[in-house]
Amino acid sequence: MKIKKKILKKIHKIIKKNNTPFWLYKKSVILKQIKKLKKFDVIRFAQKSCSNINILKIIKKKKLKIDVVSLGEIERALIAGFSPKNDEIVFTSDIFDSETLLRIVNLNITVNIGSIDMIKQLGKISPGHNIWIRINPKFGYGHNRKTNTGGENSKHGIWNIKSAIKKIEKYKLKLSGIHIHIGSGVNLKNLKKVCKTMEKKVIEINKKINVISSGGGLLTPYKPNEKEINVKKHYKYWKNTKNKIEKFLNKKILLETEPGRFITSKSGLLISQVRAIKKTNKYKFILINAGFNDLMRPIMYGSYHNISVINKNNFKIKKKNSENVVIAGPICESGDIFTQKNNGNIITRNLPKIKVGDYIIFHDVGAYGASMSSNYNSRPLISEFLLTSKNKIKKIRRKQNIKELINLEII
């Protein structure tokens, strides 16, 4: 995958002033992806995919709404300018903790409910509260079993709809929306099944809802031979479903999409440096200064990310003298490998010959990159930068320092 010369110059400029590793996002890519979804009545960004407040502000300015899944995400959304009014913020979960429940009630945030116990807990203290229900359609799909959010092996969503409706009526909650999300990497084949299920469930529930949500999981390419989902066909399927539901309900409803990866994944790069190279009888390991505490997707899902190698001397992309190597990080775990299958088996990647001091760039990490980072091995969270529409570099998160980690602990 190519990196434009102007982007390389910006990366080089950042490296001169800051240590690697760090994240870099391109605002223009985020805006381009949002534009592709403009036919939907509502685009609701799944904050969990990329939760930096500065990115959320960009999304807010484009009049998107937001899906939140925790108290922390509620607070981030509020700081970014999203309002609890008019369903700008919807809280999606399968449980409440007491602190989050009280905050939701105080702010009157719409809840996308994923369990019958949530109906009871909300109904007892906030009768009349506006809710959606997330339905488990009894089937699912995902690029990895861990991203499959439907079916009997998934904890997500309500299985027994009739029981849920009885509880909603008991507590006089206001049901205004139906949500179905089957997993990450939804293609057009399984989309037809989802649309049909939505239609059947709305008819079964038979309530005057205001919105249907198609969930997220729009197929996003990571490998060179993969293609992005056909958004026009995706919308056409859901528009047809919306029309049928409107005819049944005899009223207009809103059609929402809830993308995360689709909007931000292509915008992000992770820049790291090669610090050591070692050989075994079987593999040549390229050891970099970014670990799975920074980018978790490869160890969590066996995810593929395209890799570019940058020459340390002239800061150009290397192209010649390829060899099969394993890219690994500094974490004290054998699993800290960026080139592995979803079962944990190591695989090699054919890359230009790499030397210590060269730079390794991971592509398409704008979703579930920084947002999944951790402090494992007591490693601070790394910096995030944004390349603005005016081609300026803006630091949108400074690197965490070790003192900040230690100060959380009572000594």
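Strand 1 (22–26), strand 10 (268–279), strand 12 (307–310), strand 15 (359–363), strand 16 (383–387) and strand 17 (393–397) are among the elements that cover the buried residues of helix 1, where helices (H or I, at least four residues) and strands (E, at least two) are DSSP runs numbered from the N terminus. The model is predicted, and its local features need pLDDT of at least 70, side-chain atom pairs count only at pLDDT 80 or more, and totals for chains, interfaces and linings use all residues. Residues are numbered from 1 along each chain as its sequence is written, and side-chain values use heavy atoms, with hydrogens and water left out.

Helix 1 (residues 5–17) has 13 residues and spans 19 Å from its first C-alpha to its last, close to the 18 Å expected at 1.5 Å a residue, the expectation being 1.5 Å times one less than the number of residues. Its buried residues are Ile 7, Leu 8, Lys 10, Ile 11, Ile 14 and Ile 15; buried means under 20% relative accessible area, exposed over 50%, and partly exposed in between (1.4 Å probe, protein chains only). Seen down the axis of helix 1, these buried residues fall within an arc of 160°, so they line one face of the helix, the arc being that of the directions from the helix axis to the C-beta atoms. The face turned away from the buried side carries the exposed residues Lys 5, Lys 9, Lys 16 and Lys 17.

The largest nonpolar core has 84 residues, of which Ile 133, Ile 327 and Phe 362 touch the most other members; such a core is a set of buried Ala, Val, Leu, Ile, Met, Phe, Trp, Tyr and Cys residues joined through side-chain atoms within 4.5 Å. Helix 8 (residues 188–205) gives this core its largest share, six residues. Apart from it lies another core, of 16 residues, including Ile 7, Leu 8, Leu 24 and Leu 387.

Ala 328, found in strand 13 (residues 322–328), is buried, with a relative accessible area of 4%.

Ala 328 and Gln 340, 12 residues apart in sequence, are 9.8 Å apart in space, C-alpha to C-alpha.

Technical notes:
Contact means heavy atoms within 4.5 Å.
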